[in-house]
There are 2 protein chains.
Amino acid sequence: MAKDRRGEQERGPALARRQTTRHSTITDVADAAGVSIKTVSRVFNDEPNVRPLTRERVLKAATDLDYHPNVAARSLAGRRSFLIGLAYENPSPNYVVDLQTGALERLQGERYRLLVLPFDDAAAASGKMQAIARASGLDGVVLAPPLCDDAATVAEMEACGLPYARIAPTSGGSHAPDVAMDDRAATRALIDHLVGLGHKRIAIVRGDPTHASAAARYDGYCAGLEAHGLAIAPELEVPGAYTFASGYEAGKTLLALGQRPTAIFASNDDMAAGVMNAIHEAGLKVPGDISVAGFDDSNIASVVWPRLTTIHQPIRDMAREATGALLALIEHEETVPHQVLPFQLVVRGSTGPAA
Amino acid sequence: MAKDRRGEQERGPALARRQTTRHSTITDVADAAGVSIKTVSRVFNDEPNVRPLTRERVLKAATDLDYHPNVAARSLAGRRSFLIGLAYENPSPNYVVDLQTGALERLQGERYRLLVLPFDDAAAASGKMQAIARASGLDGVVLAPPLCDDAATVAEMEACGLPYARIAPTSGGSHAPDVAMDDRAATRALIDHLVGLGHKRIAIVRGDPTHASAAARYDGYCAGLEAHGLAIAPELEVPGAYTFASGYEAGKTLLALGQRPTAIFASNDDMAAGVMNAIHEAGLKVPGDISVAGFDDSNIASVVWPRLTTIHQPIRDMAREATGALLALIEHEETVPHQVLPFQLVVRGSTGPAA
DNA sequence: TTGTACGCGTTATCAA
DNA sequence: TTGATAACGCGTACAA
């Protein structure tokens with residue numbers, strides 16, 4: 001008993017709103033191919049137990065009818081939305097786009113789509129992730145730093161049971177898969193580079209203390225100095241907030257010192273650009289008078305003058321891998337182990353021999 | 001006859017996958033409030049004809065049960081996904097994030113969610129918008145430049161009947177609402193500024209010819225020169241591609257000229273940064289030797305040294321308004337008229353008196 | 001290897 | 001102002 005929907009008495013007033021042609025459904029395809037809807041379903045879900053010939057008939061019918069599975073129906077029946085969220089609170093556009101690009105790369109060719117979830121700060125996200133996820137029907141969430149280190153958010157995710165993965169986390173309390181980079185070792189490599197150029201007074205502009213990466217980079221800085229037998233001078237450590245403006249202020253502070261540093265390591269590129277701005281304003285030259293190094297290798301690093309020596313952080317790669325881990329979790333409920341991706345020291349024009 | 005779902009014989013093997021608690025449904029709320037599901041539906045859709053008292057009872061029950069409407073079911077039954085796409089092919093992270101921020105601002109508090117749709121170029125998008133929209137079940141799409149000027153894409157959108165809005169379009173053939181800015185007038189304002197500083201040899205680095213904005217800005221440049229009785233010298237017009245690298249090359253070309261310009265207008269900030277890089281490398285000073293101006297007021301403009309004099313383009317505002325126009329189209333089928341948003345000349349350190 | 005029948009949680013129709 | 005009931009299009013047991 002065919003249900004005979006799709007008769008001539010089509011287009012209820014509410015339905016005829018816009019679409020000129022009714023989209024064909026799984027039933028249409030089944031009828032056209034002379035099979036049941038279950039078989040069509042099997043074909044479109046790559047399930048086994050379909051004869052190649054049958055499969056072809058179905059595919060042909062689908063093509064002829066320009067059939068595309070209805071996402072909403074799939075979601076409802078299958079209890080999954082094929083929607084994943086990317087949550088971040090990072091203020092740097094370069095970073096954000098890298099993040100998105102990486103996630104999207106992994107989703108390429110999959111049925112999953114990406115919803116971007118920007119937050120002003122951890123407080124704005126805290127306690128709301130679950131509600132947002134439910135309101136949007138998310139199947140899972142990728143948490144970028146520093147959100148992924150926010151205790152309240154992590155606790156909430158653990159409690160509500162929604163699959164999630166973290167990018168470059170540094171805090172614990174989570175059973176979620178994650179992809180990270182060794183910020184400490186990377187910073188050490190940068191310090192080694194500076195010391196190799198003859199620098200002995202190396203300053204640091206520290207990152208936003210709420211980002212765990214700030215601590216890791218500071219650790220690397222200290223370890224680097226110690227390894228080379230250099231003293232850690234308190235006046236050469238100035239606070240920052242990972243923003244251009246904070247780097248600019250930090251630069252001015254350092255330039256006002258009685259005995260200036262010969263090199264400044266800014267904990268990210270945005271701050272390094274700010275530092276350089278302050279140096280230029282003071283009429284000094286980079287790297288002639290002072291060398292400057294950043295961290296991230298974001299777009300800004302190759303756009304300022306001189307271009308920044310920095311650490312290339314594989315943000316895209318991390319986002320891609322984290323998304324992959326999330327998919328594995330959602331689809332097979334399997335947790336891929338903690339991954340550490342390699343960094344790269346990129347030497348450009350902003351660092352040179354010590355004066 | 002209550003259907004008695006939600007009995008004790010819960011958790012089919014496939015269902016029990018993750019969630020510890022079954023989410024309550026509209027039926028649960030209806031039962032708890034002693035009304036029919038239709039009434040609950042009315043309340044949650046702000047439909048009329050519900051007694052205030054009844055409404056309250058429903059709301060109370062919903063709160064008690066932590067009820068949230070199921071997105072998939074809503075989409076299926078209502079034939080709308082509450083999902084809109086933001087399609088762009090812009091390579092500048094600053095621009096992209098502004099775009100997203102603006103769109104999300106408008107979506108704040110609405111039921112709609114945003115799907116980002118980046119494309120490598122117009123060719124990658126051409127002919128696929130409809131398929132993507134269907135595959136993701138989009139209710140509508142916001143097209144950013146230069147995608148919104150791609151003839152094939154526009155034609156496709158017009159043909160398939162999916163609601164869409166355009167940001168700063170310059171091509172025709174579309175009935176969609178759009179929000180724009182007067183690039184020509186803005187460029188004129190910039191030229192006026194330079195002429196006011198005494199410049200007479202003003203060069204232009206043109207934008208990517210596939211972006212219609214490039215032509216508008218060039219027009220403004222010509223109009224500005226003419227208005228001040230200045231000649232348009234062909235050797236002072238060099239091509240560019242809206243990228244940092246193309247600006248850098250253009251800068252070198254202009255510096256190699258027998259008689260150098262005293263000011264360079266780059267058709268966007270990225271190229272202006274490239275031009276400044278070339279000037280610095282040549283050992284010249286900005287603006288002492290040459291003034292440089294950009295267009296967009298993207299993040300890069302306030303991060304290079306000296307900071308760029310530029311045109312503040314209200315990208316966020318345009319994205320917000322375009323998204324609003326799209327919502328109006330989707331919800332009320334009403335096309336809001338073409339909007340033109342104001343620009344702003346931002347004078348910073350990169351322009352100064354002619355030498 | 002294939003099909004039947006039911007359920008997913010809403011919105012929409014139409015009657016009350 | 002309300003409610004019963006039929007779609008919406010597909011996944012999934014279970015039967016064949």
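Ala, Val, Leu, Ile, Met, Phe, Trp, Tyr, Cys and Pro are counted here as nonpolar, Asp, Glu, Lys and Arg as charged, and the others, Gly among them, as polar. On that basis, the surface near DNA strand D (residues with a heavy atom within 4 Å of it) splits into 12 nonpolar, 10 polar and eight charged residues. The model is predicted, so local features need pLDDT of at least 70 and side-chain atom pairs pLDDT 80 or more, while totals for chains, interfaces and linings use all residues. Residues are numbered from 1 along each chain as written, chains are lettered from A and ligands numbered from 1 in written order, and side-chain values use heavy atoms, without hydrogens or water.

Of the 30 residues around DNA strand D, A:Ile26, A:Lys38, A:Tyr67, B:Asn49 and B:Thr54 come nearest. Among the polar contacts (N or O pairs within 3.5 Å), a backbone N or O atom of A:Ile26 sits 2.4 Å from a phosphate oxygen of DNA strand D. The side chain of B:Arg42 instead puts an N or O atom 3.0 Å from a base oxygen of DNA strand D.

Elsewhere, chain A has an open sheet of four strands (DSSP E runs of at least two residues, paired by at least two bridges), ordered 7-6-8-9 with parallel pairing. Strands 7 (237-238) and 9 (291-293) of chain A each have a single partner, so one side of each lacks a neighbour in the sheet.

Terms used
Polar contact = N/O pair within 3.5 Å; in protein donor to acceptor, adjacent residues only side chain to side chain.
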